[in-house]
Amino acid sequence: MSSMQDGFNSKPTSDEDLQKVRMGELKPHNAPITLVEYDSRWPELFEGEANRVRSALGNKALQVEHVGSTSVPGLCAKPIIDMILVVADSADEPSYVPTLEAAGYTLWIREPEWFEHRLLKGPDIDINLHVFSAGTSEIERMLRFRDWLRANDTDRDNYARAKRSLARRVWRHVQHYADAKTAIIQEIMDRANAAE
């Protein structure tokens, strides 16, 4: 599974598999996905959270980036700020999780099989803080996708259309919506990769 809200990983989808990586009880969504138009305050909200993370972790925060749909001007999104936090070793939770918890964050997902990904939720606004180890290939993929959509209006609009169409359906879990976006994301990533 990936808790990536932009569907970079398409597994797992069963309730059992989702519960395995989730801290606490998995609760079904059983509703359409709420998308909102781009909000010019999202970069400011990201900066506030990024500063909180950097203040808490100091030099342990090797990189903090705004990713996902809220990081792309003009793109509709679920109103959740997706962030990447790069640390030396994301599997070494004692080196950063207690400090982030003291700052109000909550460990939400632990995915050792998927790039040792961890996800924390924020204390004030709705964020997904995705934690990866330095050098993880998924970081580059997420940043490339963001940068491509920022620079390419056609693909940004194609992605928005696909998201809106999928969001209307009733989804048992938000992850299933993310999984359903895999094909359009791969199509866009293929173009981004070919352009390099």
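Predicted model: local features only at pLDDT ≥ 70, side-chain atom pairs only at ≥ 80, totals over all residues.

Tutor: Residues are numbered from 1 along each chain as its sequence is written, and side-chain values use heavy atoms, leaving out hydrogens and water.

Student: Which are the edge strands of the sheet?

Tutor: Five strands make an open, mixed sheet, ordered β1-β2-β5-β4-β3. Strands here are DSSP E runs of at least two residues, helices H or I runs of at least four, both numbered from the N terminus, and two strands pair if DSSP finds at least two bridges between them. Those pairing on one side only are β1 (63–67) and β3 (106–111).

Student: How is α4 oriented to α5, roughly parallel or roughly perpendicular?

Tutor: Axes are lines fitted to C-alpha atoms, for helices over the stretch in contact, with angles from 0 to 180 degrees between N-to-C directions. The axes of α4 (residues 137–151) and α5 (residues 153–167) come within 5 Å and cross at roughly 110°. Angles under 35 degrees count as roughly parallel, over 145 as roughly antiparallel, 65 to 115 as roughly perpendicular and the rest as oblique. So α4 is, relative to α5, roughly perpendicular.

Student: Which bridge partner does Ile 109 have in β4?

Tutor: β3 and β4 (residues 117–121) run antiparallel, joined by five bridges. Within β4, Ile 109 is partnered by Leu 119.
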